[in-house]
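Hi,

Here is the structure I said I would pass on. Have a look at it first, and my notes follow below.

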Amino acid sequence: MNALDISSVTFCYDGSPAPALRDFSMAVADGRTHALLGPNGAGKSTLMRIITGQLQGQTGGVSVYGLRMPDSKALSFIGCAPQPISLYPSLTARENLRFFGAMAGMSKDQIASRSDWALEKTGLAESSEAAVASFSGGMQRRLNLAAALLHSPKLLLLDEPSAGVDPQSRNHMYDLLMELNAGGVTILLCTHMMEEAQRLCSGLTLLDRGERIYDGRMSDIGNLEEFFLKKTGRGLRDL
Amino acid sequence: MLVLVRDRQTILLLFLMPVALIFFMSLALEGVWADKLVGRKISMVVDNQSRSYQANLLAGKIKAHALIVPVERPAGADVDRIFAEGTAQAVVTIPPGFEEGDRPVEIRFDPVMDASYRIAARSLITSLAVEVVMGVDNLEAVVSGLVVERSGPNRELPTPLQQTVPAYAIFAMFFIAIPMSVGFLREKKDGTLQRLFTYPVSANLVTLGKITPYFLINVVQFVLMMLVGIFVMSRFIAPAFHAGAHPWHMLPVTLAVAAATTGFGVLVAATAKTPEQSSTLAATGAILMGVFGGIMVPHAVMPPVMKKLAMISPMFWAHQAYLDIFLRDAAFGIILPRLIILTLFAIICFYVAGRKVRWI
């Protein structure tokens with residue numbers, strides 16, 4: 001079974017002359033790590049929001065583990081780490097996790113044990129009682145990921161998970177993602193970092209101007225950055 | 001809730017601002033209100049230049065009257081200086097020849113003195129002068145059979161504390177729209193709100209969870225303001241706060257006001273595009289509602305046009321509902337229409353915000 005099936009999705013924002021996504025299809029097999037790449041404004045974030053049911057009104061369909069979205073059970077399979085640091089800065093790391101765990105419908109005991117696990121895995125155990133506002137950019141990024149992992153998701157959606165972090169935090173994060181994938185977690189990775197995509201992912205979908213322009217195996221591609229530029233062009237994409 | 005509680009500066013502001021406003025506005029209103037409610041004595045210099053029997057009698061009657069506080073003229077002080085230094089509000093000069101009717105008694109008033117007090121003082125001096133000239137012992141007693149004063153209980157003009165305690169509690173409750181809308185927009189901007197919608201919870205539940213802490217803070221704000229009014233302000237400002245015959249009516253009114261304020265906050269959050277815009281919009285909206293609604297200028301002393309315009313402000317309905325309780329001892333049936341209007345305001349705000357908002 002595929003973890004994620006997207007079939008012929010077209011989506012247009014209100015008042016926008018052109019659709020943000022046009023007849024877009026892709027699939028991610030269960031247990032795989034898949035990269036979703038595209039220039040700025042290609043429609044990646046829109047697609048992420050459609051997958052999680054935040055945006056609706058599109059034509060076509062999205063299924064998560066065979067459940068057609070929007071579906072609350074399917075949502076419980078998804079862990080999402082958005083590109084912005086989506087945390088409460090005045091709360092401690094543990095308080096943030098407690099809140100997001102409650103939102104995911106977890107019991108207090110589950111939240112406590114999974115918080116310990118997630119904080120340990122992201123290297124934040126010693127800082128768990130500190131306010132997030134006092135965290136470095138790398139620590140905030142790792143906690144952003146920890147919040148997505150808390151409810152043991154089967155499908156992890158990561159939007160620029162390593163943006164603005166130092167090589168130490170980045171490599172720590174890569175090791176964790178590979179460990180999670182080895183444990184059966186499917187990962188859809190949205191990134192502008194070609195090295196990251198090539199290192200972590202076995203599958204690749206290229207998206208540009210709302211359309212799929214490539215879908216295949218990462219191993220078929222030699223230099224991903226060259227491939228990306230060849231497919232999407234070298235012209236600037238100022239929005 | 002925890003996020004809001006951690007924002008200590010905002011919480012302090014929400015509680016300290018109305019306390020400060022209640023204290024200073026009550027002090028400012030105390031003098032004006034005392035005049036209107038219980039009447040004030042007029043400080044007066046009586047300058048008897050005649051020293052005749054009749055002039056002495058008149059001077060004695062003026063100084064002995066209950067409305068007058070006799071003040072000695074400071075040595076060498078002219079009338080302008082007496083007024084400038086606030087020594088007295090009026091100077092009565094009884095000139096030589098007054099008893100023969102050659103020269104009239106002269107009254108000079110402090111230029112800033114209230115017109116109604118001038119009229120009262122002038123009538124008093126006139127009637128006392130008539131008593132002396134006509135040889136009547138007590139004119140007031142003579143005419144008591146002709147003119148009788150009848151006035152009902154005061155149901156319109158609140159005491160300073162009855163005005164300011166609910167007024168600035170309501171004002172501060174509406175100010176919750178600032179942290180509320182800023183919080184919503186900040187969460188929208190940093191993606192936290194988006195993240196919440198990736199969990200299997202309904203948007204309505206998320207919204208309710210966001211609104212409830214502000215609603216509760218509103219209720220706590222009102223309770224604290226009432227406690228401050230009853231137990232603290234009453235020590236400094238007279239008359240003491242009177243909560244009316246049915247103080248439990250405050251509960252439904254406060255809940256309706258809290259619904260209106262949180263509705264206003266959600267509407268601001270849905271209308272504004274940035275946190276900066278929302279704080280400006282919420283503050284301006286609250287101040288305008290306060291100006292129109294009888295918060296800054298009491299509704300009872302507004303001109304008729306403004307009294308009608310006040311009805312566009314939800315703060316007016318909220319304040320009048322509290323005055324119904326404190327001042328008019330009103331039955332619940334009297335308060336109910338005001339509660340319905342406040343609840344309708346809340347429903348309209350939530351509905352418009354719901355139609356307009358794009359949370360993610």
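Predicted model: local features only at pLDDT ≥ 70, side-chain atom pairs only at ≥ 80, totals over all residues.

**What I found**

**Chain A as a whole**

Chain A has eight helices and 10 strands. Its radius of gyration is 18 Å, close to the 18 Å that the globule rule gives for 239 residues, so chain A is as compact as a globular protein of that length. Along the principal axes, its C-alpha trace spans about 45 × 35 × 35 Å.

There is an open sheet of six strands in chain A, ordered E6-E7-E8-E3-E9-E10, and its pairing is mixed. E6 and strand E10 (211-217) of chain A are the edge strands, each pairing on one side only. From one strand to the next the twist averages 15 degrees. At the E6 end, E6(A) pairs with strand E7 (residues 155-159) of chain A in the parallel sense, over four bridges, and Ala81(A) stands opposite Leu158(A) in E7(A).

Two helices that pack on this sheet:

- Helix H5 (residues 137-149) of chain A touches E6 and E7 of chain A, and its direction makes about 165 degrees with that of E6(A).
- Helix H8 (residues 224-232) of chain A touches strand E3 (33-37), strand E9 (203-208) and E10 of chain A, with its direction at about 35 degrees to that of E9(A).

**Chain B**

Chain B contains 15 helices and four strands. What about its radius of gyration? Chain B has 28 Å, whereas a compact globule of 360 residues would have a value near 21 Å. The C-alpha atoms of chain B fill a box of roughly 100 × 45 × 35 Å along the principal axes.

The four strands form an open sheet in the order E2-E1-E3-E4 (chain B), again with mixed pairing. Strand E2 (68-70) and strand E4 (106-109) of chain B are at the edges, each pairing on one side only, and the twist averages 30 degrees from one strand to the next. Strand E1 (residues 42-48) and strand E3 (residues 90-94) of chain B pair in the parallel sense over five bridges. Within that pair, Val46(B) has Val92(B) in E3(B) as its bridge partner.

This sheet has helices on it too. Helix H3 (residues 53-64) of chain B lies across E1, E2 and E3 of chain B and runs at about 170 degrees to E1(B). Helix H5 (residues 115-134) of chain B packs on the sheet as well, touching E1, E3 and E4 of chain B, and its direction makes about 165 degrees with that of E4(B).

Then there is a helix pair to look at. The axes of helix H7 (residues 160-174) and helix H14 (residues 314-326) of chain B come within 10 Å and cross at roughly 145 degrees, and the crossing is right-handed. H7(B) brings Gln162(B), Pro166(B), Ala167(B), Ile170(B) and Phe174(B) to the contact, while H14(B) brings Met315(B), Ala318(B), His319(B), Tyr322(B), Leu323(B) and Phe326(B). By type, the residues of this contact divide into nine nonpolar, two polar and no charged.

**Where the chains meet**

The contact takes 20 residues from chain A and 16 residues from chain B. On the chain A side, helix H2 (72-77), strand E6 (78-81) and helix H3 (93-103) each supply at least two residues. H2(A) gives the largest share, three residues. The chain A residues that touch chain B divide into 11 nonpolar, seven polar and two charged.

**Confidence**

For the complex, the predictor gives an ipTM of 0.84 and a pTM of 0.74. Chain B averages a pLDDT of 86, and 94% of the residues score at least 70. In chain B, confidence is lowest in helix H6 (residues 139-143), at a mean of 73, and highest in helix H11 (residues 250-271), at 95.

Cheers

How values were computed
Residues numbered from 1 in each chain as written. Chains lettered and ligands numbered in written order. Contact = placed C-beta atoms within 7 Å. Nonpolar A, V, L, I, M, F, W, Y, C, P; charged D, E, K, R; others polar. pLDDT = per-residue confidence, 0-100. Axes fitted to C-alpha atoms, helices over the stretch in contact; angles between N-to-C directions. Left-handed = near helix turned anticlockwise from the far one by under 90°. Pairing = 2+ DSSP bridges. Rg over C-alpha atoms; globule rule 2.2 N^0.38 Å.
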